Amino acid sequence: MPGNIKSVSFVVLVCLLLCSRLTSVGAAPICTNAQTGCHVLSLSNLFDRVIQHSARMHGISNDLHSEFEQYFLPSRNQVGRVSRNCHTSTILTPNGKENAQRMAREELTEVILKLLVAWRDPLWHFHHSMAHYDDFNNFSSNKALEMSDMVHELRKGVEKVAEKMQGLGITSNTVNSLTSPEALLPSKSAEWRQMKDYDLLYCFRRDSNKVQNYLKILKCRIVPEHGC
Amino acid sequence: MDYLIYHKLMMSRLFFSAHGGTICPTMRRGIRVALFLLLSAAVESNSMSPPGKPVLLGCRSPEKETFTCWWEPGSDGGLPTTYHLYYERERLEGTYECPDYRSAGRNSCFFDKNHTSIWVDYCLTVMATNALGNATSDPFKMDVMEIVKPDAPENLTLLMEKSEYSPYLHARWEPPSNTDTKSGWVTIKYELRVQQENGIKWKEYTSGTQTHFSLHNVSPGVLYTVQVRCKLDHGSWSEWSNNTYVKIPNYLPNEVPLWILVSILSAIPFITTVCILVAKRKSVKLCVLPPVPGPKIRGVDAQLLKSGGPEDIDNALIVNQRFPPMVAWKDQTEEYLIVTENDGGLPTNSQKRKKSLIIPTAFHLDLEIHCKESTPSQNDWEKSEEINNELDTPIKPFTNSSYVDIQRHVENIQAVDVKQVDYSTVKEVNGENVLIFKKDNVPLRSSGYMDVQEQEHIQKDYSRVKKVESDNLVVLQKQIVSLDTHCREKGYHFTDCPLQNPIKPHVCTELIDSGYVDTTPAPPSM
């Protein structure tokens, strides 16, 4: 028994050491300004990455939506009224190029963040409900999961961009984008649970397109050097 | 309505046919036309109806800022009909009418920037109205995001560019003029396609967001057709641009004359070499294919053979006319036998020695043994015998006349091809290595050996010394050896070796004893 205890304690010690190593690596701060040997990303670079990310996200949502249409064939012109109510419709978003260009940078950034935050839970829920559809193959299920992850990643990316913009003095500190995400949620956040999956997809397809366009507008306004 | 007209026409036709061909053709045609007009007028005035249902064909936004919708009118019911488009919009209360019926042509509605909202649903309907009534199309729902389809790219220009390796086609174009690329609102992607003249298949290339493209896969003298199209973000592809043609000029690349020059320059030394080889072909032949020495018979004068008469032939073939008498050999044999008995140590030698006698004199003559004893004498023999007795080695100088006991090494001798060979080939003179002696000087009968005339020369056909086992013993190979060399090595002249130094003879003798083999073996009969 004492031998056993010794070996166990040894293993535990080793594990602790390793874990502490790993966590220390993970907790190491990513470059603060111009640390030696550290590659600091420019704002333009950050924007490019974020825009690429959003483009991919919208592409996936587009694919999933057309697949849903194929399977469930909802009549495009059913119920003549435009009664579609996305849960994000309470968020005021510019619905044209001029409106988006007229909006202040901070506001636009906030709108983007609000949108992304609002979709975190519904997409996660959607991914789980995909399992109920026997017609869907695993590929679509993977897409749903990917979409859900991407929203999360994109939000973090946009937050970093906002941070950097604030650091560079491009945006003022009036809007503190580092406030808790829950504060950004629309008031009627529980509504999304009542939405059908198809409507959810439709709404998300639209919102992801919005995010992509807004990011591009922002980028070409702030750092217009490359690819505008 | 149409059926009525048709019915009337059929009736009129029947009416005419019933009357047969009594009316001439032109007149008949004219009557027919008049009838038709009357009928149609009658029909028109008889039935008018409310308009048919129009159909909304679709909408399109070329730049994601404005959009246009088209419809297909139904039948107008015989009355002037007007069309109105009404729409409802998400998040906008009320029904509105199309702001612009003209800009986009007939049966269309154009929504300008002020009236366009992206990411909102529109619900459109078209109503056809005439004096008798109206008809409404089915509602058409759309979001501007979904109907984006740009115009084709403009000003496609093709240029031939010359690079170091091969010419290529450089295509350049511009984005459609109504799209806004500066503000980042839309990202345009392009696609190119190329077709050869008289070809059927198009080859497509993706250009990404570049407004130019290089085609390297072009053949000279061929006419190419190039088209380009574009897409905004995730929207639909535009139509292909108009055909643009380019003919690749025939060209002679710069490398061709260079290669000609290089090939000529490299050919010159080659030709030179060939000429030299041809000129000196004899020496080349000599070098590459050295002449193989033909078979040579020692002592045979080939020239004499060729040119001479019968006597000459005889002379040529037989160098030494004087054959040693067989009797002498026999005597030798007897004497020899006696000797071997005294020795006692060599029981088998008798036979062997006999055999040795078979060996032609020439064989003996070749041996340097003769150097040892110039005159055969019993004394010598005895001496040799004495010496022989003193020796421990089995090899003994057995010959009083210094003939060779070849049997010492039976194997060697037996291996020798005992053919009848002209033993008199010894006469051959060949430099220092040739043992020259004349037949005259070989008193075989007396001693069974031949005198060595010019002993400094050794037959070059001697056996090779294999090894020197001891002072007394030299082992020879069956092959040709220059016995001379051995003797030379010992440092004494060939001629001197036999008499002056009692030991030396042993050496030479042993040399011989140990199986020196002449390449001209004795005939077995002898």
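The model is a predicted one. B:Glu239 forms a salt bridge with B:Lys149, and the closest N and O atoms of the two are 2.9 Å apart. B:Lys149 has a relative accessibility of 24% and so counts as partly exposed. B:Glu239 lies in the loop between β14 (223-232) and β15 (244-247) of chain B, and B:Lys149 in the loop between β8 (140-143) and β9 (154-162) of chain B, so the pair ties together parts that are 90 residues apart in sequence. Salt bridges that share partners also join A:Lys97, A:Glu98, B:Glu65, B:Lys113 and B:Asp180 into one network. Over all chains, the count of salt bridges comes to 21.

Side chains of opposite charge can pair when their charged atoms come close. Two further salt bridges belong to helices of chain A. The side chains of A:Lys114 and A:Glu110 meet in a salt bridge with an N to O distance of 3.9 Å. A:Lys114 and A:Glu110 are four residues apart in helix α4 (residues 105-118) of chain A, and therefore about one helical turn separates them. An α-helix has 3.6 residues a turn, so residues three or four places apart point the same way. A:Lys114 counts as partly exposed, at 27% relative accessibility, and A:Glu110 counts as partly exposed at 23%. A:Asp207 forms a salt bridge with A:Lys210, where the closest N and O atoms are 3.9 Å apart. A:Asp207 and A:Lys210 both lie in helix α8 of chain A, three residues apart, about one turn of the helix. Both A:Asp207 and A:Lys210 are buried.

Helix α8 also takes part in an aromatic contact. The structure holds 14 aromatic pairs over all chains. The rings of A:Tyr214 and B:Trp119 have centres 5.6 Å apart and planes at 80°, so this pair is edge-to-face. The pair crosses between chains: A:Tyr214 is in helix α8 (residues 197-222) of chain A, and B:Trp119 is in the loop between β5 (108-111) and β6 (121-130) of chain B. A:Tyr214 counts as buried at 0% relative accessibility, and B:Trp119 is buried with a relative accessible area of 0%.

Another aromatic pair, B:Phe67 with B:Tyr122, is edge-to-face, at 5.2 Å centre to centre and with 70° between the planes. B:Phe67 lies in strand β2 (residues 67-72) of chain B and B:Tyr122 in strand β6 of chain B, so the pair ties together parts that are 55 residues apart in sequence. B:Phe67 counts as buried at 0% relative accessibility, and B:Tyr122 counts as buried at 0%. Ring pairs link B:Phe67 and B:Tyr122 with B:Tyr87, B:Tyr96 and B:Phe111 into a cluster.

Rings of chain B also have charged side chains over them. B:Lys64 lies over the face of B:Trp185, at 5.9 Å from the ring centre. B:Arg193 lies over the face of B:Trp202, where the distance from the ring centre is 4.1 Å.

In helix α5 (residues 120-129) of chain A, the residues A:Pro122, A:Leu123, A:Phe126, A:His127 and A:Ser129 are buried. They cover an arc of only 165° around the axis, which puts them on the same side of α5(A). A:Met57 has its place in helix α2 (residues 43-72) of chain A. At 1% relative accessibility, A:Met57 counts as buried, because buried means under 20%. A:Met57 and A:Met150 are 93 residues apart along the chain, and their C-alpha atoms are separated by 6.5 Å.

How values were computed:
Residues numbered from 1 in each chain as written. Chains lettered and ligands numbered in written order. Heavy atoms only, no water. Buried < 20%, exposed > 50% of the residue type's maximum accessible area, 1.4 Å probe, protein only. Helix = DSSP H or I, 4+ residues; strand = E, 2+ residues; numbered from the N terminus. Arc of directions from axis to C-beta. Phe/Tyr/Trp six-rings, centres within 6.5 Å; stacked < 30°, edge-to-face > 60°. Lys NZ or Arg CZ within 6 Å of the ring centre and 35° of its normal. Salt bridge = Lys/Arg side-chain N within 4 Å of Asp/Glu carboxyl O.
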